[in-house]
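This briefing covers one protein chain. Please look over the sequence and the model before reading the notes.

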Amino acid sequence: MSAALDSLLDLLDLEQIERDIFRGTSRSAVVPRVFGGQVAAQALVAAGRTVPADRGAHSLHAYFLRAGDPGAPIVYTVDRIRDGKSFTTRRVVAVQHGQPIFHLSASFQTYEEGLEHQADMPAAPDPESLPTAAEMLPRYADRFADPGMADRLIEARAAVDLRYVDEPPFGTAGEAREPRSQVWFRTNGKLADDPLLHVCMATYVSDMTLLDSVLLAHGRGGWAVGDVVGASLDHAMWFHRPFRADEWLLYDQESPSASGGRGLGQARIHTADGRLAITVIQEGVVRVPRG
């Protein structure tokens, strides 16, 4: 296991301070706020720790309310909304400095047999044939507003092996493309056999690239380039089938709409053998800087 992955796992190992109250810390990010995927993953950890182990997460719906302060702890309060025969529902509010910064509702279900069908996995190259972040990002160092951005992005993503299938938005800034993006990802090291951990890790990664397709449609390079200002607004995920976040997952993303200073991204995550594991939808602020 890499040191970066070990550090991320420590970040997700929340401190329990009361029966339904947990506390988490943050690590420095490439922007002066807490990474949204971290808050979502920690909130799901908090919810999952109040649910019987035989009930797996099947969906989450979340809102990003305020920018998080990476220098302060985050307190997660869990409400036990419902404990049914098959389903368990939890609501989590993340608080900093006396104000809510994030709200999540999550549902968990006992395993059962049922009808089966799924969308086909799209074509994609072998992930091993694609460059790693450490190999790719230095090529674009001159595109970023900050000359040290490439190194900071490599450090921020060191726990996850994330590989773009095509050029990322910052690689083709100024050239409008089809609003679709694909990345392969897996953790940089093996994880324990805990289904909740794998779901939380996928939640963490899901906030990294989902709005890329919005940028591609308009030839924008992204916040690191400086030609847009953006932030996640809301996020939803449905976990369809078991998967491992330490094995390759294909994140196939597209944007059906952008309007009103907002952009919508939707995606499917498949396992390498073609099983549809997760569906993701996110809306975010995507604004063109003025002046």
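A134 is partly exposed, with a relative accessibility of 48%; the term covers values between buried (under 20% relative accessible area) and exposed (over 50%), computed with a 1.4 Å probe on protein chains only. A134 belongs to helix 3, where a helix is a DSSP run of H or I with at least four residues, a strand is a DSSP run of E with at least two, and both are numbered from the N terminus. Between A134 and L216 there are 82 residues in sequence, and 22 Å from C-alpha to C-alpha.

The model is predicted, so local features need pLDDT of at least 70 and side-chain atom pairs count only at pLDDT 80 or more, while totals for chains, interfaces and linings use all residues. Residues are numbered from 1 along each chain as its sequence is written, and side-chain values use heavy atoms, with hydrogens and water left out.

**Overall fold**

- The protein chain contains 6 helices and 12 strands.
- Along the principal axes, the C-alpha atoms fill a box of roughly 55 × 45 × 40 Å.
- Of the 291 residues in the protein chain, 49% are buried.
- Among contacts (heavy atoms within 4.5 Å) with a separation of 6 or more, 72% join residues 24 or more positions apart.

**Helix 1 (residues 3-12)**

- The buried residues of helix 1 are A4, L5, L8, L9, L11 and L12.
- These residues lie on the same side of helix 1, because they cover an arc of only 155 degrees around the axis; the arc is that of the directions from the helix axis to the C-beta atoms.
- A3 and D10 are exposed, on the face turned away from the buried side of helix 1.
- The buried residues of helix 1 pack against helix 2 (36-48), strand 8 and helix 5 (195-206).

**Helix 4 (residues 149-156)**

- In helix 4, the buried residues are M149, A150 and L153.
- They share one side of helix 4, since the arc they cover around the axis is only 100 degrees.
- D151 and E155 are exposed on the other side of helix 4.
- An α-helix has 3.6 residues a turn, so residues three or four places apart point the same way.

**The cavity**

- The model has 1 cavity of 30 Å³ or more; a cavity is a set of points, on a 1 Å grid over the protein atoms alone, where a 1.4 Å probe fits but cannot get out.
- The largest cavity holds about 30 Å³ of space, the volume being the space filled by probe spheres set on grid points that are joined across faces, edges and corners.
- Its lining consists of Y164, D166, E167, R177, R180, S181, Q182 and L216, where a lining residue has an atom within 4 Å of a point.
- Strand 8 (residues 180-187) gives the most to this lining, with 3 residues.
- By class, the lining of the largest cavity has 2 nonpolar, 2 polar and 4 charged residues; Ala, Val, Leu, Ile, Met, Phe, Trp, Tyr, Cys and Pro count as nonpolar, Asp, Glu, Lys and Arg as charged, and the others, Gly among them, as polar.

**Single residues in loops and strands**

- H97 sits in the loop between strand 5 (87-96) and strand 6 (99-110).
- The phi angle of H97 is near 50 degrees, a positive value in a residue other than glycine, and H97 counts as exposed at 61% relative accessibility.
- V95 is part of strand 5 and is partly exposed, at 26% relative accessible area.
- Leaving aside neighbours within four places in sequence, V95 is in contact with P73, I74, V75 and P100.
- V95 and G68 are 27 residues apart along the chain, with 8.9 Å between their C-alpha atoms.
- P179 lies in the loop between strand 7 (160-164) and strand 8 and is partly exposed at 28% relative accessibility.
- Leaving aside neighbours within four places in sequence, P179 is in contact with S213, A217, Q253, E254 and S255.
- A141 is in the loop between helix 3 (133-136) and helix 4, and its relative accessibility of 27% makes A141 partly exposed.
- A141 and F108 are 33 residues apart along the chain, and their C-alpha atoms are separated by 43 Å.

Technical notes
1 Å grid on protein atoms, 1.4 Å probe; cavity = no way out; pocket = protein on both sides within 12 Å on 5 of 7 lines; lining within 4 Å.
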